[in-house]
Amino acid sequence: CMVPRVTAELANTLTGRSDAASVLAKLHKRQLFIDRWVGETLSYQYHALFRLFLQEEVKKCQTEAEWNALVVASAEPLATHGQVEEAIPLFIAGQAWEPAVRLIVTQAQALLALGRWQTVQQWIESLPEPIRNTTPWLRFWLGMCRLRVDPAKARLDLEPAFALFQQ
């Protein structure tokens with residue numbers, strides 16, 4: 001219920017089962033709160049409200065540490081399967097700062113080139129301030145995001161980034 005959209009291969013990885021494709025197809029055929037997406041690869045996703053309901057139910061039965069571990073465990077296969085944009089918010093939600101920072105830094109340039117600076121900015125601003133302020137690449141990419149709309153504010157990130165790189 002953590003993963004926004006899942007392929008059969010990813011479902012096999014997440015569940016440890018080998019029959020995910022047939023289970024997902026049956027759930028969809030029976031119209032059990034699951035949608036099918038046909039594209040390069042067939043994928044499935046829970047209806048949004050049902051997904052939120054499942055997450056809340058699971059969260060009630062978990063400690064914060066268990067919940068974070070579950071969220072991070074869901075994010076790791078996403079990152080491995082190339083679904084980085086889905087993985088980053090999960091790493092952030094699970095307070096797994098190191099993999100979140102690594103993925104943000106590796107994806108920022110490509111996303112900014114596509115005009116998706118708001119996504120990158122939101123991810124960076126979701127990180128704890130001490131991490132944002134001491135990681136030069138985060139300061140740099142945050143400054144590059146802000147450069148498009150507020151050059152003066154961008155300078156407040158780019159100058160400290162430069163100083164961190166010099167150190």
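## Contacts and aromatic pairs

Leaving aside neighbours within four places in sequence, Ile131 is in contact (heavy atoms within 4.5 Å) with Trp97, Val101 and Leu138. The model is predicted, and local features need pLDDT of at least 70, side-chain atom pairs count only at pLDDT 80 or more, and totals for chains, interfaces and linings use all residues. Residues are numbered from 1 along each chain as its sequence is written, and side-chain values use heavy atoms, with hydrogens and water left out.

Ile131 belongs to helix α8 (residues 129-134); helices are DSSP runs of H or I with at least four residues, numbered from the N terminus. Between the C-alpha atoms of Ile131 and Ser74, 57 residues apart along the chain, the separation is 23 Å.

Rings of Phe, Tyr and Trp (its six-membered ring) pair if their centres lie within 6.5 Å; planes under 30 degrees apart count as stacked, over 60 as edge-to-face and the rest as tilted. By this rule there are five aromatic pairs. Two of them are set out below.

| Pair | Centre to centre | Angle between planes | Class |
|---|---|---|---|
| Trp137 and Phe140 | 5.5 Å | 90° | edge-to-face |
| Trp137 and Trp141 | 6.3 Å | 25° | stacked |

Trp137 and Phe140 both lie in helix α9 (residues 136-147), three residues apart, and Trp141 is in helix α9 as well, four residues from Trp137. Ring pairs join Trp137, Phe140, Trp141 and Phe165 into a cluster.

Relative accessible area (1.4 Å probe, protein chains only) under 20% means buried, over 50% exposed, and in between partly exposed. Trp141, at 10%, is therefore buried, whereas Trp137 is partly exposed at 40% and Phe140 is partly exposed at 24%.

How values were computed: Helices (H or I, at least four residues) and strands (E, at least two) are DSSP runs, numbered from the N terminus.
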